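Subject: Handing over the structure

Dear colleague,

I am passing this structure on to you, together with some notes on what was found in it. Please have it open while you read, as the notes go from element to element.

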Amino acid sequence: MRTSIRMLTVGAAAGLLLGCVSGPAASKGADGADRSRVLVFSKTAGFRHDSIPEGIAAVREIGATGGFAVDATEDAGAFTARNLARYDAVVFLSTTGDVLDTTQQSAFERYIKRGGGYVGIHAAADTEYDWAFYGGLAGAYFQSHPAIQPATVTVEDRSHPATSGLPRSWERTDEWYNYRSDPRDRAHVLASLDESSYTGGTMSGDHPIAWCQEYRGGRAFYTGGGHTKESYAEPAFRQHLLGGIRYAIGAAQADCRPENGYRPLFDGTTESLTAWKQAGPGSFSLSDDGTLTSHGGLGMLWYAGSEFGSYSLKLDWRVAGDDNSGVFVGFPESDDPWSAVDKGYEIQIDATDAPDRTTGAVYSFQSADLKKRDRALNPPGEWNTYEIRVEGERLRVWLNGVKINDFTNTDPVRSLRDGHIGLQNHGADDQVSFRDVRIKELPTKGD
């Protein structure tokens with residue numbers, strides 16, 4: 001959970017107190033530990049969804065198991081600096097129209113700029129059309145919708161906590177919004193609608209339906225689902241909401257920078273593995289959900305389709321416990337995995353080794369910034385995202401959107417200017433999983 005000024009004043013345990021306490025007590029879980037606190041706001045000044053009570057109940061229930069307490073209100077008077085400071089995130093649950101006055105808007109802007117979290121559900125996009133800050137925070141405004149019907153949701157990001165547990169194609173029924181603009185250039189799209197799977201989509205085939213972003217100092221997550229009462233009883237949709245709230249309150253980390261221009265090297269299908277080769281002992285297995293998992297070793301699965309010189313490589317990875325693996329870059333073609341060790345560089349995945357050999361390190365050459373790494377890292381069992389950016393002899397590493405390493409090669413035996421990439425399978429006791437390896441080639445620059 002994030003440490004911020006809001007954590008100094010985490011809220012009282014009973015109901016919503018609008019600034020009438022001199023020093024609110026910290027919310028405690030059953031084990032006595034401090035818990036995050038979320039405010040659900042569902043005021044409507046336009047159409048009112050009859051699913052709002054079900055939505056509030058669902059957020060309360062997932063909070064009880066997900067580690068955060070929940071207050072709910074339709075009183076805009078809750079938007080004061082003092083009261084908002086009690087909350088790690090505010091959930092706008094199918095709000096509509098102009099629901100805050102200018103003073104309340106200013107308090108909420110300051111809250112976000114000081115690190116607050118925002119979660120928008122469904123008609124949160126049909127809210128505050130004349131407040132530009134809110135429009136940027138939500139990511140897009142509602143335009144229209146067809147009748148409630150089934151559709152296919154394409155899950156684009158399979159590492160974010162809101163979508164990591166979903167199938168790549170998610171079939172569900174809801175009221176599917178069209179938006180006035182495409183948020184893809186401003187926010188990180190988590191899921192989009194396949195407009196060929198239903199009638200009434202108007203966004204020319206690029207139809208984001210859930211996204212996240214860091215906005216003006218805060219964190220924001222929006223999902224277009226949640227019109228129907230039935231949505232809040234769906235286990236998958238509830239997990240989707242839980243993951244989005246966990247991101248917004250800072251309990252889970254994710255790379256929510258806009259992502260455009262990448263092409264897949266491994267997309268979870270058997271066909272995408274045809275350009276990859278196994279070097280050395282061990283192997284990788286491909287599960288039905290598109291996850292590669294290492295077995296045995298010491299070996300490496302490497303991409304033989306081409307070499308790369310100047311690029312941004314992104315991939316999602318997960319460890320089960322204290323496991324060991326890594327991503328190799330800048331090595332020559334070879335069926336010997338030790339060629340990558342001797343002539344390339346490894347960006348390490350390992351929780352407990354020496355600083356220059358733990359997660360985020362350029363193995364044996366340079367440690368990650370450990371404080372930044374530790375703040376950005378999700379624990380075993382949860383997905384993480386690496387961006388490995390190579391330009392000339394410079395190698396930079398981002399973990400869940402946070403830059404944690406900046407290394408420059410000076411070894412004449414090695415060069416990052418051309419080479420292959422690979423995934424290590426380290427040994428019999430190490431099982432590390434990978435998803436969605438993608439690359440964007442960059443213009444060549446000098447050092």
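Helix H5 (residues 235-249) lies across strand S1 (36-41), S2, S3, S4, S7, S10 and S11, and runs at about 165° to S11. Before going further, please note that this is a predicted model, in which local features need pLDDT of at least 70 and side-chain atom pairs count only at pLDDT 80 or more, while totals for chains, interfaces and linings use all residues. Residues are numbered from 1 along each chain as its sequence is written, and side-chain values use heavy atoms, with hydrogens and water left out. The names of helices (H or I, at least four residues) and strands (E, at least two) refer to DSSP runs, numbered from the N terminus. Axes are lines fitted to C-alpha atoms, for helices over the stretch in contact, and angles run from 0 to 180 degrees between N-to-C directions.

To stay with H5, this helix has 15 residues and reaches 21 Å from its first C-alpha to its last, close to the 21 Å expected at 1.5 Å a residue, where the expected span is 1.5 Å times one less than the number of residues. H5 is mostly covered, with 11 of its 15 residues buried; here buried means under 20% relative accessible area, exposed over 50%, and partly exposed in between (1.4 Å probe, protein chains only). Among the buried residues of H5 are Phe237, His240, Tyr247 and Ile249. Proline 235, which also has its place in H5, is by contrast exposed, with a relative accessible area of 68%. H5 is followed by glycine 250, whose phi is positive, near 85°.

H5 also meets another helix. The axes of helix H1 (residues 52-66) and H5 come within 10 Å and cross at roughly 65°. In this meeting, Ala58, Val59, Glu61, Ile62 and Gly66 of H1 face Arg238, Leu241, Leu242 and Ile245 of H5, with contact taken as heavy atoms within 4.5 Å.

Next comes the sheet. Its 9 strands form an open sheet in the order S2-S1-S3-S4-S11-S10-S9-S6-S7, with mixed pairing, and two strands are said to pair if DSSP finds at least two bridges between them. The edge strands are strand S2 (68-73) and strand S7 (169-174), each of which pairs on one side only. On average, neighbouring strands of this sheet are turned by 20° against each other, direction ignored. Within the sheet, S3 and S4 run parallel and are joined by 5 bridges, and valine 91 has valine 119 in S4 as its bridge partner.

Helix H3 (residues 102-113) has 12 residues and reaches 16 Å from its first C-alpha to its last, close to the 16 Å expected at 1.5 Å a residue. Its buried residues include Ala107, Phe108, Tyr111 and Ile112, and the buried residues of H3 pack against several elements, including strand S3 (89-93), strand S4 (117-121) and helix H4 (132-138). At the start of H3, a side-chain oxygen of aspartate 101 reaches to within 3.1 Å of the backbone nitrogen of threonine 103, and just after H3, glycine 115 takes a positive phi of about 105°. Threonine 103 and proline 235 are 132 residues apart in sequence and 38 Å apart in space, C-alpha to C-alpha.

Strand S20 (residues 384-391) is largely enclosed by the rest of the structure, because 7 of its 8 residues are buried. Strand S17 (residues 311-319) and S20 run antiparallel and are joined by 7 bridges, and S20 pairs with strand S21 (residues 394-399), again in the antiparallel sense, over 6 bridges. S20 and S21 form a hairpin with 2 residues between them, and glycine 392 in the turn has a positive phi of about 65°.

Finally, a few backbone details deserve a look. Most residues other than glycine have a negative phi, and most peptide bonds are trans. Histidine 122, which is found in the loop between S4 and H4, has a positive phi of about 50° although it is not a glycine, and histidine 122 is buried, with a relative accessible area of 0%. Serine 364 likewise has a positive phi, of about 70°, but is partly exposed, with a relative accessible area of 32%. A cis peptide bond joins glycine 297 and leucine 298, with omega at about 5°.

With best wishes

Definitions and conventions:
A polar contact is a pair of N or O atoms within 3.5 Å; within protein, one must be able to donate a hydrogen and the other to accept it, and residues adjacent in sequence count only if both atoms are side-chain atoms.
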